[in-house]
Amino acid sequence: MSNKNKSNLSEYFANDPPSFFDELTNKQKPKEIPADSSSPGSSASASASSNMMSTTFSGFFQPPEYVETPEVEAADFIKVSDDVRNLWELPPENETGKLIMPGIHLQNDLPDPIVVAVTQHLGESELAYRKILLVDDVTQDERGLRTLIQAGCYRTAVNLTGRLLTIYGQGYGRSGQPAKHSPHSLQLWFTRLALLAKLGEFELLNTEAEPFGQLSSPDVFYDFYPEMYNGKSGSIACFSFRLLLAELPIYMGKPHIALDRLSELHVTSREIKEHYIQQRNKTAEEFWQRRCERVLHSIINCGLMMKKFSMIDDIMEGTLLKRSNLSKENQRALYSAWGRIYLQIGDIFGAEQKFAVSRRLREINTTPDLRDLVDKGLIAVAKNDFPEAYVIFQKALHLDSGNTMILNNMGVCLLYAGKLKDAINLYERAINLNPQKSLNESLLVNLSTLYELESNNSKAKKFNLLRLINRFKPDLNISIEICLKLQAMS
């Protein structure tokens, strides 16, 4: 596989799944990503961000959202040599340690839960309208994998990784059997595990990730294969793979374990950065500085789940905002993110202070942008001024029409202002205008709840939503039963 293809493939899951904090600090205009509400998790159904948000409001209605739809970003945009990118030291105690012997744990393909739900509730004839890419519709290689990911067909992409890993002798039933690793095979594993995280398949993710540990075994280093790689050294596994494995306990409800792993990852990354400072290699230093910050973002996410708010303040003030070359726009993004974190913990005054700093960093004489308006709208929601919040979010929507986060918040405002039918009309109009984007998991949960509040005959309307999902959504991150509040039929 060529280097070009490798980098293209990894673009989609370079740091997947992104933390809640990464989504907050996303400084670019949100762009549409198929089938994603939190990342590639955006992302996942049980992401830390949705756990935090669900504590803000009581009841079954999804609370206001604090993050725009995130961009899927590459791990870095700084061009460095492979030696810089792959620098990682094998722990001395592991030089003759246990080898990694992974294997697929599914004998068959991942089933399509949308197909199952449609068959149960609408009948098989409705499946004629479901037009999504299947494994056999694409080339059986990385090009096919990229095609599936770009189309939002994540379950199908998982199934293709299973076929490709079987070729490497790491398929079903091969766990615990000796295996040779290469950049290609480890990239396939990383992509597969990142997809499982994105889809909320956490039990399978945890099981298949277990053999990799923290990628500290000798056989995931070039040094283990001196003849094959002509004496090359460093990590065969990409940094994002290490990050994903460190974050994994978050999805299993064990943020304290993730915090320990991420702290170790940060220490090693910082040591590598210091190494390049001593060598006066500015480009490599900046490259590893970005990686250090990416780990800190995940640590902040753990801090939110564990309610370690003083730790978050220390990281924000003592590290992230201390960079000498931090642009004003990046400072704005950080202060805005900090303010939204304060809102999550109910500190409205603290949030207003951070938002004020963010506003002051905006270019003089410029009108409020999307970030300013969303910050202002969230403050109004926190103060229970829902009519004012609605007006503000409406202005934000003019700047980014179809933004599902803003639409969701507008619906929340209408509901709490007692305008149930207006909230329903808002969501239905958004879906009709752009079903691919607006059939968003949070929006679906909210609209299904509104249907239940509106009348006892909500099932027919939910079935209409299911028809639209069948036609326009390759995948959902959470089950149909949760999304549409439909009882599974026995």
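**View 1. Arginine 192 and its polar contact with threonine 161.** In this predicted model, the side chain of arginine 192 makes a polar contact with the side chain of threonine 161, at 3.1 Å; a polar contact is a pair of N or O atoms within 3.5 Å, where, within protein, one must be able to donate a hydrogen and the other to accept it, and where residues adjacent in sequence count only if both atoms are side-chain atoms. Arginine 192 belongs to helix H8, residues 183–198, and helices here are DSSP runs of H or I with at least four residues, numbered from the N terminus. Arginine 192 is buried, because its relative accessible area is 2% (buried means under 20%, exposed over 50%, and partly exposed in between, with a 1.4 Å probe and protein chains only). Apart from neighbours within four places in sequence, arginine 192 is in contact, meaning heavy atoms within 4.5 Å, with Ile104, Val158, Thr161, Gly162, Leu165 and Glu208. Residues are numbered from 1 along each chain as its sequence is written, and side-chain values use heavy atoms, with hydrogens and water left out. Because the model is predicted, local features need pLDDT of at least 70 and side-chain atom pairs count only at pLDDT 80 or more, whereas totals for chains, interfaces and linings use all residues.

**View 2. Serine 182 in the loop between helices H7 and H8.** Serine 182 lies in the loop that runs between helix H7 (154–167) and H8, and with 15% relative accessibility this serine counts as buried. When neighbours within four places in sequence are left aside, serine 182 is in contact with Tyr168, Tyr229 and Ile236.

**View 3. Glutamate 201 in the loop between helices H8 and H9.** Glutamate 201 is found in the loop between H8 and helix H9 (202–209), where its relative accessibility of 23% makes it count as partly exposed. Not counting residues up to four places away in sequence, glutamate 201 touches Leu110, Arg155 and Leu196. Glutamate 201 and tyrosine 251 are 50 residues apart in sequence, and their C-alpha atoms are 9.6 Å apart in space.

**View 4. The pairing of helices H11 and H12.** The axes of helix H11 (residues 255–278) and helix H12 (residues 282–306) come within 9 Å and cross at roughly 165 degrees; axes are lines fitted to C-alpha atoms, for helices over the stretch in contact, and angles run from 0 to 180 degrees between N-to-C directions. H11 and H12 are therefore roughly antiparallel to each other (angles under 35 degrees count as roughly parallel, over 145 as roughly antiparallel, 65 to 115 as roughly perpendicular and the rest as oblique).

**View 5. The pairing of helices H17 and H18.** Helix H17 (residues 386–399) and helix H18 (residues 404–416) have axes that come within 9 Å and cross at roughly 160 degrees, so H17 is roughly antiparallel to H18. In this contact, Phe386, Ala389, Tyr390, Phe393, Gln394, Ala396 and Leu397 of H17 meet Ile406, Leu407, Asn409, Met410, Cys413, Leu414 and Tyr416 of H18.

**View 6. Alanine 351 in helix H15.** Alanine 351 sits in helix H15, residues 348–360, and is buried, since its relative accessible area is 0%. Its C-alpha atom is separated by 6.4 Å from that of arginine 340, which is 11 residues away along the chain.

Note on methods
Helices (H or I, at least four residues) and strands (E, at least two) are DSSP runs, numbered from the N terminus.
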